[in-house]
Structure formats: structure tokens, C-alpha cells
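Biologist: Let us go through the packing terms one by one. I will ask what stands behind each word.

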Amino acid sequence: MTLSQPTPVDLIPSVSKDPWWQNENIKAAGLFALSLGLFLLFWEIGARAGWFVKGVPTATETIKELWWWVTNPFYNNGPNDLGIGWNLLISLRRVAIGYILASLVAVPVGILIGMSPVAYKAFNPYVQLLKPVSPLAWLPLGLYLLRDSEKTGIFIIFISSIWPTLINTTFGVANVNQDYLDVANTLGSSRLRTIWKVIIPAALPNIVSGLRISMGIAWLVIVAAEMLLGTGLGYFIWNEWNNLSIANILVAIFIIGLVGLLLDNLFAALEKFVAFGRNS
Amino acid sequence: MRTAPVNSYLSADAPSDTAQLSIRNVSKVFPGKRGLINKISGKTSRDFVATQDINLEIEPNTFVSIIGPSGCGKSTLLNMIAGLSSISGGEILLNGQPITGPGPDRGMVFQNYALMPWMTVEENLRFAIETVQPKLSVKQRDRIIKEHIQLVGLVGAEKKHPHELSGGMRQRVGIARALVIDPQILLMDEPFGALDALTRGFLQDEVERIWEQKRKTVIMITHSIEEALLLSDRIVMMTRGPAARIDEILEVPFPRPRNRETIEQHPLYHELKAEMESHLYRETRAVEEARIRK
Ligand SMILES: Nc1ncnc2c1ncn2[C@@H]1O[C@H](COP(=O)(O)OP(=O)(O)OP(=O)(O)O)[C@@H](O)[C@H]1O
Ligand SMILES: [Mg+2]
């Protein structure tokens, strides 16, 4: 082959000759928009025609409400009339405190338990027994012990978000690839160095996925717990229920979902960041 | 009939004073399951004698290959030398001192590379050298790391993580990490077993080149006759397990530096190869027959 010969262009398969509407993502987005439009249309017509129970707001009303709440997030007319931004911040603060405390306990304890088969066997019954308990079952106990609704909310977040992190951390540490440990051993690495440089980084994907599950649970639980407390998004929903404002409840559900989604995506990105080609 | 062994020794390698590594009457028994709970659940099993009475003397600066049928206990033996697996009987002496555990005087290259996925190429080497020589200055350490990255031909890949490298490049890192701590003995368990034939050939040439440069004692497990002939000074052939022994030891007299074209011209090449083939064939067939009879 001589260099002067031009590359036979038409022999190179083109990367994508499909028309743009054949692209999978564009198709998915189209389907999403179509289904959303149909749903809103059904809702709007149904609410106007009285297909549902009395008092169901129309889609346009609800979207207007949503717009109003989103554009006026921070006003404060006392605890029963608080901007949704304030309520969101209150909920996030409770979740953050309870969740961080839980993680600070669960990760180190999980590492310790994971490294010792004896500790694993000894503590597993506690975890197995307490893990399936509904978070709200702790509420009366929390109120009785702490005599404070704020602290009780944090306590419930703490107690319900500790288990997934603990279990995943233990699992990750107990199942560190033996080859990595062999490498550390042949080099004569000290126990502490092996823990820091090998065991924890090796278990990090499991630890982060535990943290992700815990975060999801904390966000689920806070809304339920706040219905019985006094402020926050959960209380907002409860309060709007008492006001019989279904539109506002729908707005709150949407915002809770959206925030949960963002938090989850944050942890998904973190998971990817610590994976380094593992489990993919 | 067997072809007459070429320069073969008896399985009992005579103890030697100059040996760097002496394996004397070493056996390995994996204990079976016993005890009340296992008895009740019917899960008891008998002790398993993997290797028995292995004797091998390895002189400094020799390249020794171990070859034998699958499952005979090659990895078990290498792990005992590495100190990762306990010795059930006999002793292994390194410079006259019995081996009791793993240590940086032996560098290990793993079949599946065993690189830390969260560390870059450079960090994998740094982890090794920092662990072994924490007192070294940062500058000296960086120099040694750089040297070894050059040695295995990884310049340009220092900042990459293992998952961004091909299998061949990963094993280059594995070899560099084992060498960077400047061990007395390099232990390699089927280092090229997971690579395709072409990459395998490249890395064999690399190992030959590096060996000429460093002349470290190497113990390598392999399943490839050509690989063993290309690289080794001595080839240890093991019998099938259980209770695997050393069957015979071949001396490979080809001059160095070697390359695969010229050694094939050597008058002894085909004789040695035939000897190994017949050994492996005999042992593997016996393993298969034993399996059918079960
Ligand atoms: N931890 C263990 N417990 C019980 N038996 C074991 C254990 N490890 C290995 N064995 C047995 O010891 C024998 C030798 O194993 P080993 O891995 O050393 O063989 P190998 O020669 O390296 O085989 P291969 O060529 O397939 O790598 C095998 O029969 C294996 O089943
Ligand atoms: Mg093996």
C-alpha cells in the first residue's frame, strides 16, 4: 500500500447513520414527555369532570401551587405557616445530624466487626434482630428517653440508618480479596498499615453502597417521623392534610421525591468514584 | 520406555552448603474436617496430604521453574516458600534461616496480578517500597520507583489505574512491584497464565531481559514447556498429587542471553522438550484415569 492512495472512505462504516429520532435517549425522552403529558391531561380532565373524589385539585392548580411554593421558599409566619424551603432545611438538618452520627458509629464498628470472625458471630444476632424493626417503633422510646421531639427525630434517623452501613461495612471488610492481604503480608506490612492502606480502600465500594442505602432510609423515615414531631416536610404534609389542601400535599410529595433523587445521585456518583473498575 | 533423562538428578536433592534456599523434606497436610459438629452433620473429611518429602536446593542467581500436572501442589509449595502457608513437615531455609512467615526478602508475582485497584501504577509500587523501607527519603524512593517503571517498560502509564491497563501491562506492574523492594528471591505463580499467547511471548522476553540485568534467584511455576526452557536454568518436574513429590530435575544448559529462535537450534532443546512432554503426559494421564475411576 502506498501512502498516496486515498483512504477508501465508503469502506469505513459510519458510526451512526440513523436519523436523530432513532437515538435511544431521544426516544426515551420522547416517551417520557408523552406519558407525562397524557398523565397530566387525564388528571386535568378527570379533576374537572369529577371522576375522582371531591376536592381533588386539577393539574394546573397543583402546578401553580408548586410554582408558588418554589418561588416563595423562605417565608416564616410561625410554625404552621412556614415556607417549604425552611421546612426542607429543617428536615435536611435532622437527617444530616442523625445520619452522620450513625455513619460515624457504623463505619468504625463495622470495620472492627468485619475483621474478626468471632466479633462477627457475637454481634450478628443484635444486628439481625434490630434491623427489621420499623423505625417508628422507636418513636415512643425516643420520646420517653430523650423527652424532646427534636432529639427524638434525630434519634430515629440514627437508629434506622445505622444498620445498612454497618452490615455493608462488615461484609466489605470481611470479604476483602485475599490476594490484597497476601500482597500486604509478603511485604511485611504492619496490621495498622494494612487496615488503612488495604482493607479500608478495598472495602470502600461496599461502605459507600451501605451509606447510600442508609441515606435512602433516613430520607424515607424523616418524613414519617416528622408527622408526629412539629416542623419539617413531614409536618408540612400533616399540616396541609389538616387544612385539607391536597394540592400542597402533592407539591410536598414532589419535592420530597426530588430531594431524595438528588441525594441518591450524589451517592451514586460517589460509588462510581471509589469503584476503580470494580463491579462494573 | 522413557527417553534417558538428560542431566537429571534424583528426587532427593543432596543438601548443599552454598544454596540460598533449601527445601528439606517439606510436606504439606491440609487438615480434614473433624469435631463433633461436623460428625453430626456428616461433613467430616480426611486429612489431605498435598506434597510429601520435597527436597530442593536452589543456588543463588538461578532461575528455577516448577512444572507439574494441575493440582499437584505447585502453588502450595510456592506459598510455603513465600511464608503465606504453614509448613506441615520438614523445613525451608533461606540463607540457612528457617522460614516462619512472609517477608520482604521474597518478592511475589501473582497469577491474577493482585494489584490494588484504587492505587495508580506508581502508587502500587510506592505502597510496596514504603512498607518495606519506610526510612528511605522521598527522593530516593521516587528514583527507585522510576527506575523500576522504566525496567518493565511502563513509562507513560505511571498515573493510570490497573483497570485502565491491559493484562500484559498489569503483570508488568506486578513484576515491578515485586522487584521494587529488591528481594533476594522472586516467586512467580503462573505469572503469564492469564495472558494471551502473543502477550505471553512478549512478557517472557521481558522477563529474560530483566533477569539478565538483575540475575536474581527466581522460582517460577508454569504450565508451559517452552516458557520453562526459555527462561530456566533448572526445571523441577513434580509428580501428580496427592503426596506429590519431585520426580526429576532438568538442567538447562543453553547459553545466555537467550532468545526463542536460537535456543531451538541448541542440540539439547528437543531432547529436553520431549523429556518434559512425556513426563507431563504420563502424570496428567494418570490424574485423568484416577478421576474416571472415582
Ligand atoms: N486450603 C486448602 N485446603 C484443602 N486442600 C487444599 C487447599 N489448598 C489447596 N488444596 C489442595 O491441594 C492440592 C494442591 O493444590 P495447589 O493449588 O497447590 O495445586 P497447583 O499445583 O498449584 O495446581 P494448579 O496447576 O491448578 O494451579 C489440590 O488438590 C488442592 O485441592
Ligand atoms: Mg496453582
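Modeller: Start with chain A. Leu233(A), Phe236(A), Ile237(A), Glu240(A) and Trp241(A) of α9(A) meet Asn248(A), Ile249(A), Ala252(A), Ile253(A) and Ile256(A) of α10(A). Contact here means heavy atoms within 4.5 Å. The contact residues divide into eight nonpolar, one polar and one charged. Ala, Val, Leu, Ile, Met, Phe, Trp, Tyr, Cys and Pro count as nonpolar; Asp, Glu, Lys and Arg as charged; the others, Gly among them, as polar.

Biologist: What should I know about the model and its numbering?

Modeller: This is a predicted model: local features need pLDDT of at least 70, side-chain atom pairs count only at pLDDT 80 or more, and totals for chains, interfaces and linings use all residues. Residues are numbered from 1 along each chain as its sequence is written, chains are lettered from A and ligands numbered from 1 in the order in which they are written, and side-chain values use heavy atoms, with hydrogens and water left out.

Biologist: Why are α9(A) and α10(A) called roughly antiparallel?

Modeller: Helix α9 (residues 232–242) and helix α10 (residues 246–275) of chain A pack at about 165°, their axes 9 Å apart. Angles under 35 degrees count as roughly parallel, over 145 as roughly antiparallel, 65 to 115 as roughly perpendicular and the rest as oblique. The pair is therefore roughly antiparallel. Their crossing is left-handed: the near helix is turned anticlockwise from the far one by less than a right angle.

Biologist: What makes β9(B) and β10(B) a pair?

Modeller: Two strands pair if DSSP finds at least two bridges between them. Five bridges join β9 (residues 234–238) of chain B to β10(B), and the strands run antiparallel. Met238(B) stands opposite Ile246(B).

Biologist: Which strands stand at the edges of the sheet in chain B?

Modeller: The open sheet has six strands in the order β6-β7-β8-β3-β9-β10 (chain B), with mixed pairing. β6 (106–109) and β10 (246–251) of chain B each have a single partner strand, so one side of each is left without a neighbour in the sheet.

Biologist: Which helix touches β3, β9 and β10 of chain B?

Modeller: Helix α9 (residues 269–293) of chain B, whose direction makes about 165° with that of β10(B).

Biologist: How many bridges join β1(B) to β2(B)?

Modeller: Seven bridges join β1 (residues 21–30) to β2 (residues 48–58) of chain B, running antiparallel. Phe30(B) has Phe48(B) as its bridge partner.

Conventions. Axes fitted to C-alpha atoms, helices over the stretch in contact; angles between N-to-C directions. Helix = DSSP H or I, 4+ residues; strand = E, 2+ residues; numbered from the N terminus.
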